[in-house]
Amino acid sequence: MKKWSLLALASALLLGCGSNDAEDAIVETVGLDIDSLSSQQKQDYAQISTDINTLILYIAGQCFNAESERNPDMEITGFTCNIADHKDAVSQTQFSSISLNSGMLDINRSSQTEFKIQTKDNVKFHAASISDGTLNYRLVDDNAIQFIINETGTDSASFRGFFRDDKTVDVTYWTVESLATTPFDYDEDTNNQHSWLANGTAKITGKDDKTFDWRTSATGEVELPLTE
């Protein structure tokens with residue numbers, strides 16, 4: 001079974017369970033085969049799975065600035081963001097090549113400094129280092145990017161999301177999750193030409209609940225393994 005048909009089936013079976021049980025069931029059953037990945041492939045999957053969050057954060061910031069300019073006298077608590085409107089102006093990541101296609105973000109602001117980013121429509125993108133197909137990133141229910149502005153230091157981010165890879169051979173699924181013990185620092189260079197998630201830890205979960213984890217350097221490069 002292909003694409004979201006699996007998700008629909010799992011949702012029906014798990015109706016009433018809440019959270020992201022349906023997605024997790026798909027990943028456990030037909031998810032990414034982590035045991036078959038080489039070290040370089042793990043590096044690539046980890047870098048892409050980290051950096052897509054970086055680009056989403058950058059675009060969310062652009063949308064927030066635009067929304068603030070349109071409504072200068074209004075306290076903004078929630079808004080949507082069309083990735084297609086900003087993808088040509090998006091910053092670049094230093095250690096991966098990602099081409100954004102489309103997607104709709106749903107951004108909620110719970111305080112002056114705290115934001116929750118989810119998807120109304122999947123973020124669709126290409127990343128040749130891991131796939132020859134279209135990649136989808138889904139942030140719904142318990143899955144989200146949490147972003148905190150630190151006015152006296154570095155902004156921080158944590159995330160949990162669900163991936164679907166529509167590659168030409170077999171559709172593949174996995175989840176990515178930052179580890180609570182070390183959230184990421186979000187940084188941009190002075191010219192906004194690059195952005196990155198630094199000094200954090202995360203893991204990918206694939207088929208049979210197999211995982212691997214990593215940390216990022218001060219410049220956002222994936223370093224693995226975090227654990228043997």
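Which elements each supply at least two residues of the lining of the largest cavity? They are α3, residues 39–70, and β9, residues 195–198. Keep in mind that this is a predicted model.

Why look this way? Rolling a probe the size of a water molecule over the atoms shows where empty space is left.

Cavities, then. Searching the whole structure turns up one cavity of 30 Å³ or more. The volume of the largest cavity is about 40 Å³. Please find its lining on your screens. You want Gln 47, Asp 51, Thr 93, Gln 94 and Phe 95, then Ser 195, Trp 196 and Leu 197, and finally Thr 219 and Gly 220. β9 gives the most here, with three residues. What about the classes? Six lining residues are polar, three are nonpolar and one is charged.

The largest pocket has a volume of about 310 Å³. Its lining has 17 residues. Closest to the centre are Leu 57, Ala 60, Gly 61, Gln 62 and Phe 147.

Which element has the largest share of the pocket lining? That's α3, with seven residues. By class, the pocket lining splits into 11 nonpolar, four polar and two charged residues.

One point to take away. α3 supplies at least two residues to the lining of the largest cavity, and α3 also gives the largest share of the lining of the largest pocket. Thanks, everyone.

Conventions. Residues numbered from 1 in each chain as written. Predicted model: local features only at pLDDT ≥ 70, side-chain atom pairs only at ≥ 80, totals over all residues. Heavy atoms only, no water. 1 Å grid on protein atoms, 1.4 Å probe; cavity = no way out; pocket = protein on both sides within 12 Å on 5 of 7 lines; lining within 4 Å. Points joined across faces, edges and corners; volume = space filled by probe spheres on them. Helix = DSSP H or I, 4+ residues; strand = E, 2+ residues; numbered from the N terminus. Nonpolar A, V, L, I, M, F, W, Y, C, P; charged D, E, K, R; others polar.
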